[in-house]
Amino acid sequence: MTDNQNEFIKERLAPCGLHCGKCFAFAGGRIHELSRELQAALGNFGAYAERFVTLLNDPVYASYPEFTKFLDHLAEGGCGGCRREECRLFASCGVRPCARERNVDFCFQCAEFPCDRTGFDENLRRRHVAINERMREIGVERYYEAIRDLPRY
Ligand code: SF4
Ligand code: SF4
């Protein structure tokens, strides 16, 4: 793996192994990009949605303002990933500072793995262990290739 590939993957895989690249908040991620495309494709649909409530006799179009509020939120993106910023989702995450302190890129490279320092709940802890065991087994690059197109959620 070249240094560039390594950096590309590390931008997207957090030290815990979760896939920041598929997080809704990740700047330039699929959800971010598709939301911006959808915003652009919809253009001035709001004016039509209002009329369609009566024209098409379908109240679903009355939900359009709420829908765009959420779409605007997704289109904001803006997170540079776990290695650059504080995670907006896991305020109690202990992994990021810990991995930095221990100078490991991923938890499976740490002598203490699996540990009780993550701050994760039981469900996330199980995922953390499974992801890191898999990365240890097949390597980071192959792991990333296997999961890069899968949804995070
Ligand atoms: S650091 Fe947190 S908020 Fe940012 S992309 Fe990763 S999981 Fe999402
Ligand atoms: S001690 Fe735990 S959280 Fe910290 S780097 Fe090692 S495995 Fe990850």
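Leaving aside its neighbours within four places in sequence, His19 is in contact with Arg12, Leu13, Tyr144, Ile147, Arg148 and Arg152; contact means heavy atoms within 4.5 Å. This is a predicted model, in which local features need pLDDT of at least 70 and side-chain atom pairs count only at pLDDT 80 or more, while totals for chains, interfaces and linings use all residues. Residues are numbered from 1 along each chain as its sequence is written, chains are lettered from A and ligands numbered from 1 in the order in which they are written, and side-chain values use heavy atoms, with hydrogens and water left out.

**Overall build**

- The protein has seven helices and zero strands. Helices (H or I, at least four residues) and strands (E, at least two) are DSSP runs, numbered from the N terminus.
- Along the sequence, the pattern reads α-α-α-α-α-α-α.
- The protein is more spread out than a compact globule, because its radius of gyration is 20 Å, well over the 15 Å that the globule rule gives for 153 residues. The radius is taken over C-alpha atoms, and the rule is 2.2 Å times the number of residues to the power 0.38.
- Taken along the principal axes, the C-alpha atoms fill a box of roughly 65 × 35 × 25 Å.
- Of the 153 residues, 36% count as buried. Buried means under 20% relative accessible area, exposed means over 50%, and partly exposed lies in between (1.4 Å probe, protein chains only).
- Among contacts between residues at least 6 apart in sequence, 63% join residues at least 24 apart.

**Ligand 1**

- The space taken by ligand 1 is the largest pocket. On a 1 Å grid over the protein atoms alone, a pocket is an open set of points with protein on both sides within 12 Å along at least five of seven lines, whereas a cavity is a set where a 1.4 Å probe fits but cannot get out; lining residues have an atom within 4 Å of a point. A molecule sits in either one if more than half of its atoms lie within 2 Å of its grid points.
- The residues around ligand 1 are Cys20, Cys23, Phe26, Cys79, Gly81, Cys82, Cys87, Arg88, Leu89 and Arg152. A residue is near a molecule if one of its heavy atoms lies within 4 Å of it.
- This shell divides into seven nonpolar, one polar and two charged residues. Ala, Val, Leu, Ile, Met, Phe, Trp, Tyr, Cys and Pro count as nonpolar, Asp, Glu, Lys and Arg as charged, and the others, Gly among them, as polar.

**Ligand 2**

- The space taken by ligand 2 is the largest cavity.
- Around ligand 2 are Val95, Cys98, Ala99, Arg102, Val104, Cys107, Cys110, Phe113, Cys115 and Arg117.
- Its shell holds eight nonpolar, no polar and two charged residues.

- His19 lies in the loop between α1 (3-12) and α2 (30-42). At 8% relative accessibility, His19 counts as buried.
- Val95 is in helix α5. At 4% relative accessibility, Val95 counts as buried.
- Not counting residues up to four places away in sequence, Val95 touches Pro15, Cys16, Cys107, Arg117, Thr118 and Phe120.
- Val95 and Arg152 are 57 residues apart in sequence, and their C-alpha atoms are 19 Å apart.
- Gly94 lies in the loop between α4 and α5. Gly94 counts as buried, at 17% relative accessibility.
- Gly94 is in contact with Arg117, Thr118 and Gly119, leaving aside neighbours within four places in sequence.
- From Gly94 to Asp116 it is 22 residues in sequence and 9.4 Å in space, C-alpha to C-alpha.

**Backbone details**

- The peptide bond from Phe113 to Pro114 is cis, with omega near -5 degrees. Pro114 is in the loop between α5 (95-102) and α6 (122-138).
- Asn103 is in the loop between α5 and α6. Phi of Asn103 is near 60 degrees, a positive value in a residue other than glycine. Asn103 is exposed, with a relative accessible area of 70%.
- Asn57 sits in the loop between α3 (45-55) and α4 (64-76). Phi of Asn57 is positive too, near 50 degrees, in a residue other than glycine. At 66% relative accessibility, Asn57 counts as exposed.

**Helix α7**

- Glu145 is found in helix α7 (residues 140-147). Glu145 is partly exposed, with a relative accessible area of 44%.
- The C-alpha atoms of Glu145 and Gln109 are separated by 19 Å, and the two residues are 36 apart along the chain.
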